[in-house]
Amino acid sequence: MKLVAALLAAALATAARAESPRYGSFEMMVGPYHPNVDAEFAAKPGPWETAFGRGDGWMFRAGASYDVLRAAFGSLEVGLQAGYFQRSGHSQLLAGGASGDTTAFKMIPTSAVLTYRFDWLADRYNIPLAPYGRIAFDRYNWWVNDGSNHTTRSGSTNGWSAAFGVCLLLDFFDPTLAREMDQDTGINHTYVFGELRKTKVNNFGSSSSWDLSDDRALTWSAGLLFVF
């Protein structure tokens, strides 16, 4: 029994390895996006589909968060995210039909986020899964360019989003490399993650606003997370 206890203590000590001070995290992610602009139009196809087609574009995001609370129940972080989305298509004639000119919708989504991540088991016992939840206040800054790359319309749309995801701890697969990375760079842990997100970005129901919520009930994103 003493031998078993000693081995268990050694295993737990290894799992709870000493690490550099922790301040927060940095993440990069990508996922499909298709705005809900056409929802208010009874006639189909709507203006968005007519100009840009039915397919999804890709939204890229990056964010940094500060660790405000760490306890046995996990980590609580506050942070900021920003990203980029672009979709190109054909301008529409007033009489109907596409013109020969191109048009582009461009957007920089920004978010203030609050994230809770249950990473205590990953930190303490090297169990490689860490679920998390997130809420955010979103502001989508957008503009439309014509074929000469002149801005013809611009604005910003506010809203909110909520997400749930799971992080997979990559340190689990190579603890020695993870320890060396921490010593060399200050990165405590590296995760890959996937999440499902609900967005509601329509200026909180304003009838004069474009609805830039994703047109699906839930959309997904995947990315890399560095805890430092």
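In this predicted model, Met-107 is in contact with Tyr-33, Met-59, Gly-83, Tyr-84, Phe-85, Tyr-140, Asn-141, Trp-142, Trp-143 and Leu-212, leaving aside neighbours within four places in sequence. Met-107 also belongs to the largest nonpolar core, which has 14 residues. Together with Tyr-33, Phe-85, Phe-105 and Leu-212, Met-107 is among the members that touch the most others in this core. At least two core residues come from each of helix H2 (47–52), strand S4 (98–117) and strand S5 (129–145). In soluble globular proteins, nonpolar side chains tend to be buried together.

Glu-77 lies in strand S3 (residues 74–92). Glu-77 counts as buried because its relative accessibility is 3%, and buried means under 20%. The side chains of Glu-77 and Arg-117 make a polar contact at 3.1 Å. When residues up to four places away in sequence are not counted, Glu-77 touches Gly-24, Ser-25, Ser-65, Tyr-66, Asp-67, Val-68, Val-113, Leu-114, Thr-115 and Arg-117.

The largest pocket holds about 370 Å³ of space. It is lined by 18 residues, of which Pro-47, Ala-51, Phe-52, Val-144 and Trp-210 are the closest to its centre. Two or more lining residues come from each of H2, S3, S4, S5 and strand S6 (151–169). The greatest contribution is that of H2, with four residues. By type, the lining comprises nine nonpolar, six polar and three charged residues.

Notes. Residues numbered from 1 in each chain as written. Predicted model: local features only at pLDDT ≥ 70, side-chain atom pairs only at ≥ 80, totals over all residues. Heavy atoms only, no water. Core = buried A, V, L, I, M, F, W, Y, C linked by side-chain atoms within 4.5 Å. Buried < 20%, exposed > 50% of the residue type's maximum accessible area, 1.4 Å probe, protein only. Contact = heavy atoms within 4.5 Å. Polar contact = N/O pair within 3.5 Å; in protein donor to acceptor, adjacent residues only side chain to side chain. 1 Å grid on protein atoms, 1.4 Å probe; cavity = no way out; pocket = protein on both sides within 12 Å on 5 of 7 lines; lining within 4 Å. Points joined across faces, edges and corners; volume = space filled by probe spheres on them. Nonpolar A, V, L, I, M, F, W, Y, C, P; charged D, E, K, R; others polar.
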